[in-house]
Amino acid sequence: MAYHSNTLVYLVYTDINMDTLRILVVSQKGGVGKSTLSANLSVWFSEKAFKTTVLLDLDPHGSSSTWVREARSSDVVAEHCVLDDFDARRWLINCRNRVRRHVSKVEILICDLTWTSAMDPEVLYEFDLVVVPTSVSSIELSATTRFIETIGWVFKSKSGIPPTLLLCPSRVSEEELATDPFSARDFSVPFMLLPPIYNDDSVRQLFKKQFVFDVNESMAGQSYGRCAQSIQQAGNIHKQAARAVKVTFSDRRFLDTHNTKLSRYMAEKSRTQHPGNDKVIGKPEYSKGNTANKGRKNLSGLSKILESVIGPK
Ligand SMILES: Nc1ncnc2c1ncn2[C@@H]1O[C@H](COP(=O)(O)OP(=O)(O)O)[C@@H](O)[C@H]1O
Ligand SMILES: [Mg+2]
């Protein structure tokens, strides 16, 4: 099945194999503008970038999917789904399934999620871009720093292609930005900084009526457009880099752990049969049997991406 317009157009599964750009909009904090960004971003991708787009709203409030459904008509397919089973990684598996059922069938998937400590950061591997909107006051940035520390290992992973982290200054004023709040912080994880989204009271009034990027003459309207364009560019860079990096069998096993009894057994088995195997997991394929690369250090995810874009040093 693939989606094309408000009226669903059903196509044969096997005919479609789109390289879906999967974008997660997430933070542990409410009220920073995740749902507003998710709703506007999904319609922007559909209408300004002409992409088939799904909005997967995992927020219990369902405000982004309501916005997309109730404002003027658009081609975005909005799905609201509350995953409230946190037992034994059930949430991770349910969330993965929700995402994967859309992958390859649409060009853009945007997921709106409020993070809680019960969630498993491994779910971030389902996405190409992880967008974290954050206010820029000192307290808010400290909270964002702590949040990024808890999920940080995903972005430093040496296995496969980690997602790209994008920080989005959200609901900010020009005065706040003048203090250059980001350079004084150490986020311990490589990230790209998106153009800021300005705080504007009119945004609240547009809820369920119009999209903010439609109001082109407002500062806020322009800032949503600029932010969406940058996310699209980051997506292009990520995809280009991901295509250039070969994923080894062991990487793939790491990425595809379904936490089934069988996969746990296999992982256990390979560890006992090949002690030290854990060190091998994650070595990029080009470092094996390639004399030119001998002696090269294991590359981090970001290094892999950079190297594949600008070429080896
Ligand atoms: N750029 C903005 N300027 C002003 N108000 C905003 C902006 N973005 C969101 N809001 C308002 O802030 C509140 C929370 O936004 P929301 O997108 O629901 O945040 P979250 O999903 O992170 O909880 C809403 O009332 C919304 O209208
Ligand atoms: Mg929300």
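Hi everyone. Let me begin with one definition: a residue is called buried if 20 or more other C-beta atoms lie within 10 Å of its own. With that in hand, let me show you around this structure, which is a predicted model.

Let's start with strand E1, residues 21–27. Now, which way do the side chains go? Leu 21, Ile 23, Val 25 and Ser 27 point one way from E1, while Arg 22, Leu 24 and Val 26 point the other way. Residues on both sides are buried.

And what lies alongside E1? Strand E4, residues 108–114, runs parallel to E1, and 7 bridges join the two. One of the pairings to look for is Leu 21 with its bridge partner Ile 108 in E4. Strand E5, residues 129–134, also runs parallel to E1, joined to it by 3 bridges. Here you can find Leu 24 standing opposite Val 130.

Let's zoom out to the sheet. It is an open sheet of 7 strands, paired in parallel, and the order is E3-E2-E4-E1-E5-E6-E7. Strand E3, residues 77–80, and E7 stand at the edges with a single partner strand each, so one side of each has no neighbour in the sheet. Over at the E7 end, 2 bridges join E7 to strand E6, residues 164–169, and these two run parallel. Leu 166 of that pair stands opposite Met 192 in E7.

Please keep Leu 166 in view, as it comes back in the core. The largest nonpolar core has 59 residues. Which residues have the most contacts inside it? They are Ile 23, Cys 111, Val 131, Leu 166 and Ile 231.

Buried residues make up 34% of the 313 residues. Among contacts with a separation of 6 or more, 76% are between residues 24 or more positions apart.

Next, helix H1, residues 34–47. From its first C-alpha to its last it reaches 20 Å, close to the 20 Å expected for its 14 residues. H1 is mostly covered too, with 13 of the 14 buried.

H1 also brings us to ligand 1. How many residues surround ligand 1? There are 17, and the closest are Gly 33, Lys 34, Ser 35, Thr 36 and Arg 204. H1 gives the largest share of this shell, 3 residues, and helix H6, residues 202–206, supplies at least two. Sorted by class, the shell has 5 nonpolar, 7 polar and 5 charged residues.

Ser 188 has a positive phi of about 60 degrees, although it is not a glycine. You will find Ser 188 in the loop between helix H5 and strand E7. Is Ser 188 buried or exposed? It counts as exposed, because it has 12 C-beta neighbours inside 10 Å. Lys 208 has a positive phi as well, near 65 degrees, and sits in the loop between H6 and helix H7. With 13 other C-beta atoms within 10 Å, Lys 208 is partly exposed.

Methods:
Residues are numbered from 1 along each chain as its sequence is written. Chains are lettered from A and ligands numbered from 1 in the order in which they are written. This is a predicted model: local features need pLDDT of at least 70, side-chain atom pairs count only at pLDDT 80 or more; totals for chains, interfaces and linings use all residues. Helices (H or I, at least four residues) and strands (E, at least two) are DSSP runs, numbered from the N terminus. The expected span of a helix is 1.5 Å times one less than its number of residues. Two strands pair if DSSP finds at least two bridges between them. A residue is near a molecule or strand if its C-beta atom, placed from the backbone, lies within 6 Å of it. Ala, Val, Leu, Ile, Met, Phe, Trp, Tyr, Cys and Pro count as nonpolar, Asp, Glu, Lys and Arg as charged, and the others, Gly among them, as polar. Two residues are in contact if their C-beta atoms, placed from the backbone, lie within 7 Å. A nonpolar core is a set of buried Ala, Val, Leu, Ile, Met, Phe, Trp, Tyr and Cys residues joined through C-beta atoms within 7 Å.
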